[in-house]
Amino acid sequence: MRRLVGLVAALSLAVVAPARAVQVRSVQVPSVQVREAGIRIAYDRPAEPAARAVYRDLKRRRVLEGLRTAIGGVRLPRTLTLRLSACGGDANAWYDPRTQTITVCYGYVISVIEAQARVPAKPPQPGAPRRDAVAGPVAQVFLHEAGHALFDLLDVPVLGREEDAADQFAALVLLELPPAEARYAIDGITRLLLGQAAEEDADILLADDHSLALQRLANLLCLAYGADRRAFGDLVGSRALPAFRAARCAAEYGLAAASLARLFRRHLRSGATERTRIRRAFRWMFRP
Ligand SMILES: [Zn+2]
């Protein structure tokens, strides 16, 4: 089992879990189980009321169906399962290469909701509605784990730390959204990572296989600015994107996007372009 993204590891486990243990019992009966294009989805029905509310909301938005569409353009040699699960109350997310399953726990989504509620709304997203603070991080955690899954299933070579590569994969997918929608997602993730950065112990986490929250944020914002100077230009000069880093972001994005395209090109189905597929896949993020 791979460790989940650092924001989950540090935020959810170290910060959120002790503050509020989420007691969730799963009845282990997936209410939706669909096989399509080599990707199976499952919404496990949780027993705990807070998790049940999250379950109903995510299911109504068809979040897993959207994520299946997002990565469904890739031909997979084995079935990949996307699962939302009770996880015995854990606030966690991971990809398990033994079962080819991405699991995101309802407790993780609850931990994001709670963490975002603790962070006062301030620039770069003054007055942003709560939902946009949650949808972006939920998309990010699934895409990050999807990165691990695709590296594994397609035997994609990874240089550098895999956790950073999975973050990069997630960012590059989200940056295929139209500018305003990409900004919506990036702002929510920014808010979460800033909150996490304020709470994490950098000395302890220096040896972790995940980068520190502020580094993850800097990498994310650099890719975003490199992808679209107009949509993300106002972030230059912020703590996570100082001017010296911003100057290199177009090159960073260009290298990352070209590398991703090259590594995945031979695995893509023909037909709809990936950008079109991704834009259709994330409609759930903007449903009321
Ligand atoms: Zn990871």
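# Exercises on a predicted model

Five bridges join strand β2 (residues 39-46) to strand β3 (residues 80-85), and the two strands run parallel. The model is a predicted one. Work through the tasks below with the structure open.

**Exercise 1. From Thr 81, find how far away Thr 99 lies in sequence and in space.**

Step 1. Count along the chain. Thr 99 and Thr 81 are 18 residues apart in sequence.

Step 2. Go from C-alpha to C-alpha. The two are 8.3 Å apart in space.

Step 3. Classify Thr 99. It has 13 other C-beta atoms within 10 Å, so it is partly exposed.

**Exercise 2. Describe how β4 and β5 pair.**

Step 1. Take the direction. β4 and β5 pair in the antiparallel sense.

Step 2. Count the bridges. There are four.

Step 3. Pick out a pair. Trp 94 stands opposite Thr 103 in β5.

Step 4. Look at the turn. The hairpin has four residues between the strands, and Gln 100 takes a positive phi near 50° there.

**Exercise 3. Locate Arg 62 and Cys 87, and state whether each is buried, partly exposed or exposed.**

Step 1. Recall the background. Most residues other than glycine have a negative phi.

Step 2. Check the two angles. Arg 62 has a positive phi of about 60°. Phi of Cys 87 is also positive, near 55°.

Step 3. Locate them. Arg 62 sits in the loop between α2 (49-61) and α3 (63-71).

Step 4. Apply the cut-off: a residue with 20 or more other C-beta atoms within 10 Å is buried. Arg 62 has 17 such neighbours, so it counts as partly exposed. Cys 87 has 23, so it counts as buried.

**Exercise 4. Describe the packing of α6 (residues 162-174) against α9 (residues 213-227).**

Step 1. The helices pack at an angle of about 35°, with their axes 10 Å apart. Their crossing is right-handed.

Step 2. List the residues that meet. α6 brings Asp 164, Asp 167, Gln 168, Ala 171 and Leu 172; α9 brings Arg 216, Asn 219, Leu 220 and Leu 223.

Step 3. Sort them by class. The contact has four nonpolar, two polar and three charged residues.

**Exercise 5. Which residues have the most contacts inside the largest nonpolar core?**

Step 1. Size the core. It has 82 residues.

Step 2. Name the residues. Leu 174, Ala 185, Leu 221 and Leu 223 have the most contacts inside it.

Step 3. Find the main contributor. Helix α5 (residues 130-153) gives the most to this core, with 12 residues.

Step 4. Follow Leu 174. Leaving aside neighbours within four places in sequence, its contacts include Ala 139, Leu 143, Ala 185 and Ile 186.

How values were computed. Residues numbered from 1 in each chain as written. Predicted model: local features only at pLDDT ≥ 70, side-chain atom pairs only at ≥ 80, totals over all residues. Core = buried A, V, L, I, M, F, W, Y, C linked by C-beta atoms within 7 Å. Buried ≥ 20, exposed ≤ 12 C-beta atoms within 10 Å, placed from the backbone. Contact = placed C-beta atoms within 7 Å. Axes fitted to C-alpha atoms, helices over the stretch in contact; angles between N-to-C directions. Left-handed = near helix turned anticlockwise from the far one by under 90°. Nonpolar A, V, L, I, M, F, W, Y, C, P; charged D, E, K, R; others polar. Pairing = 2+ DSSP bridges.
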